[in-house]
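Hello,

Here is the structure I promised to pass on. Have a look at it, and then read on for what turned up.

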Amino acid sequence: MSDAFYNGIAATASDLITRFGRDVTFVAKRTTEPASEPWKANTGGETTIALKGAFAPPNTVRQFGVTSLGLGTEFENMLQKSEQIIIVNSGDNDMRDYHVARDGGIDWGIIGIQQLKPGNVGILSFVLVRR
Amino acid sequence: MPQSYTYSEAYDAMLALFKSAWDPTGHRVFWDNKEKGRETDTSTYAVVQVNHGGANQASLGGTGNRTFKRNGVVLIMIYAQAGEGLSEGHAAAKVAADAFEGQASGGIWFRNVRINEIGREGSFYQINVLAEFEYDEIK
């Protein structure tokens, strides 16, 4: 299949997530490591991106298989451990760079990510979160 | 009077000992509760944990003059490429062990420093280095 084919699917996914999702701010990990004591917290400003995200309870997503998306960062028992799954149109963003999903004043810790990206087209990601 | 360490001060002192020994190897370190991960190629790397264990009051006295003994284990998990024998892993483990064995960082004492060959873990072979530590907090 060509990228053009998947671009159409990505557009549909984006449209659905935009219509049924809400604004979620993803906060990236700070990247400036203390040189002399690298085990301490990184410093630097907070980098964020704003995406639309549709929230789904884990059991509803399981019906069509959270582990079947393809690229994933965590598999083991993550579905059971997560409180919510945020379905986002992540596009070209590498969601592994982000560790917090900020939703209306609640900071959800990101504990796992599944990404659907056939070829070069990022269609959507499941972001597994827990407070 | 023996040197006094808080948990955080002792943690920093122990990791500084390891860092100064490990840095010349050029291998990466994944620090506890910082970055969860592993090397994406076959380069040797280490994962570091400090696990406090016991704590007991070792002397009587007024506030500011009581000694509390702290102890625990520093755990360094060394991962070297699997299928290549143990030379690389042992060399890295030796660096980590020597960071603590026979060392006294101020008032932190290390005992029973040893290595433990764990076995294959994915594309790596894991060797653990354990160093039991003890120090005092006076408060």
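Leaving aside its neighbours within four places in sequence, Glu137(B) is in contact (heavy atoms within 4.5 Å) with Ser4(B), Tyr5(B), Thr6(B), Arg66(B), Thr67(B), Phe68(B) and Arg70(B). With Arg70(B) the side chain of Glu137(B) also makes a polar contact of 2.9 Å; the term stands for a pair of N or O atoms within 3.5 Å, where within protein one must be able to donate a hydrogen and the other to accept it, and residues adjacent in sequence count only if both atoms are side-chain atoms. Glu137(B) counts as buried because its relative accessibility is 11%, buried being under 20% relative accessible area (1.4 Å probe, protein chains only).

A word on the model: it is predicted, so local features need pLDDT of at least 70 and side-chain atom pairs pLDDT 80 or more, while totals for chains, interfaces and linings use all residues. Residues are numbered from 1 along each chain as its sequence is written, chains are lettered from A and ligands numbered from 1 in the order in which they are written, and side-chain values use heavy atoms, without hydrogens and water.

Now for the two chains. Eight residues of chain B are in contact with ten residues of chain A. Between chain B and chain A, the rule finds two salt bridges, meaning a side-chain nitrogen of Lys or Arg within 4 Å of a carboxyl oxygen of Asp or Glu. Lys40(A) and Asp12(B) form a salt bridge through their side chains (2.9 Å, N to O).

Best wishes

Conventions. Buried < 20%, exposed > 50% of the residue type's maximum accessible area, 1.4 Å probe, protein only.
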